[in-house]
Amino acid sequence: MRCPYCKSQDDRVVDSRSCRDGKAIRRRRECIGCTQRFTTYEYIEHAPLTVIKRDGSREPFDRVKLQKKIELACYKTAVSSDDMEELIDQVEADLGNRAEKEVPSQYIGELVMERLKNLNDVAYVRFASVYRQFKDRQDFVRELEQLAN
Ligand SMILES: [Zn+2]
């Protein structure tokens with residue numbers, strides 16, 4: 001790793017520990033040249049996923065985009081940002097375990113809904129109403145009734 005201070009290529013690792021719940025390794029490095037210390041992180045590289053959208057077009061899976069949709073659904077609910085992070089981590093892990101690297105957007109939606117349902121009813125119905133594109137008010141009411149049972 002090239003030293004950010006003196007550009008030397010030689011360094012030694014002085015400390016190495018796991019972080020982000022074991023999903024990353026943080027290494028403290030010391031430059032042999034100038035003895036300055038700097039930090040590097042190591043993550044697992046996920047195989048890139050492609051999302052097949054409703055209209056058949058394809059786009060790369062975008063965690064930030066999914067996160068925004070979930071944030072919208074969870075707006076002013078008791079769902080914390082930690083809950084959301086964890087939910088997305090779980091969905092990503094599920095997707096990563098699939099053999100196919102092309103996933104229909106509806107499938108991702110179902111994965112999110114499954115988990116939101118256990119977290120918060122309001123967030124679930126909001127998310128579901130977007131993903132399932134409720135055709136009329138009746139669909140919406142039916143979904144609410146199912147939740148009540
Ligand atoms: Zn240096």
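Beyond its neighbours within four places in sequence, Val51 is in contact (heavy atoms within 4.5 Å) with Ser57, Arg58, Glu59, Phe61, Val103, Ser105 and Ile108. The model is predicted: local features need pLDDT of at least 70 and side-chain atom pairs pLDDT 80 or more, while totals for chains, interfaces and linings use all residues. Residues are numbered from 1 along each chain as its sequence is written, and side-chain values use heavy atoms, without hydrogens and water.

Val51 sits in strand E4 (residues 50-52); strands (E, at least two residues) and helices (H or I, at least four) are DSSP runs numbered from the N terminus. Val51 counts as buried because its relative accessibility is 8%, where buried means under 20% relative accessible area, exposed over 50% and partly exposed in between (1.4 Å probe, protein chains only). Its C-alpha atom is 9.4 Å from that of Gln106, 55 residues away along the chain.

Cys6, in the segment before strand E1 (11-19), and Cys34, in the loop between strands E2 (24-31) and E3 (37-43), are 28 residues apart and link distant parts of the chain. Cys6 counts as partly exposed at 35% relative accessibility, as does Cys34 at 27%.
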